[in-house]
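Let's take a walk through this model together, starting with a pair of helices and then moving on to the open spaces.

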Amino acid sequence: MIDTHDIGDMAHVTANFRQYLMGWGAQECAWGDPDLYRSGLAQPQFNGVVRLRSLDVVEESMATARARLAGVPWWWWVGPDSPAGTADTLAGLGAVSLGAVPLMTRSLDHVEETEEHPPGLRVEEVTDGERLRELVRTYSASMGVAPALENGVVSVEAGRPDNADVVRLAAVLDGRVVGTTVVMMAHEVAGVFLVHVARTHRRRGVGGALTTAALRAGRDRGMRLAALGASPLGEPLYRRFGFTTAAEYHLFSGPA
């Protein structure tokens, strides 16, 4: 169910999400119908379509996406910034549904501690160097990204044209990165992405520490809202932090 309190801010939220996803377009970043990004990495999260503006050109847009994203796996994101009926139309054209991702938001008028953190854990900002590689390695392992893609992912992260708007946070314990998040600070929204905790450190408060740090970073930079796409594992945590469901993204897979 959509939280109507957040509908007025949805344009800012979806603009933030588009900017983050399009920033992966190291090989191609094309705005039009459709908006698509191509990193060239053999991982669907890093290539895809993020918006369709008109259903009048959906078949042509599907053909464009298939041509420009040929050779890599990719996803088509259908959010509240696409025309009503887009998901059903894509399904009718043979696109394979991967399900829906809740789009959750909350105000940044205050940030409170809601979780106990492991003793000795600290959350630090990551800019470059070996810590960036550790951050990529940690979220890649959680996402199932092949180790052979690590150099490519690091290269795209380091080379994003909008890196001034990106805050990368690493949860560090005993000198090791055990959790990650990446926050896009744009359009008055702190968009929270890539919240991952190493399998060996889950259910110990690391995710809560990262979420608190992301919210504080957003408030410190003057953002009004925080927003994220929640996984089934993460949704209960985010609800404890005051996030509510504002909309959904429907995901479809594209052919490799």
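A crossing is called left-handed if the near helix is turned anticlockwise from the far one by less than a right angle, and right-handed if clockwise. By that rule, α4 and α5 cross in a right-handed way. What you're looking at is a predicted model, where local features need pLDDT of at least 70, side-chain atom pairs count only at pLDDT 80 or more, and totals for chains, interfaces and linings use all residues. Residues are numbered from 1 along each chain as its sequence is written, and side-chain values use heavy atoms, with hydrogens and water left out.

Helix α4 spans residues 129-143 and helix α5 residues 150-159; they pack at an angle of about 120°, with axes 10 Å apart. Helices here are DSSP runs (H or I, at least four residues), and strands are too (E, at least two), numbered from the N terminus. Axes are lines fitted to C-alpha atoms, for helices over the stretch in contact, and angles run from 0 to 180 degrees between N-to-C directions. The pair is therefore oblique; angles under 35 degrees count as roughly parallel, over 145 as roughly antiparallel, 65 to 115 as roughly perpendicular and the rest as oblique.

Now for the open spaces. A pocket is an open set of points on a 1 Å grid where a 1.4 Å probe fits, with protein on both sides within 12 Å along at least five of seven lines; lining residues have an atom within 4 Å of a point. The largest pocket has a volume of about 1,200 Å³, a volume being the space filled by probe spheres set on the points, which are joined across faces, edges and corners. Of its 41 lining residues, Val195, His196, Gly229, Ser231 and Tyr238 are the closest to the centre. Strand β9 (residues 189-197) gives the largest share of that lining, six residues.
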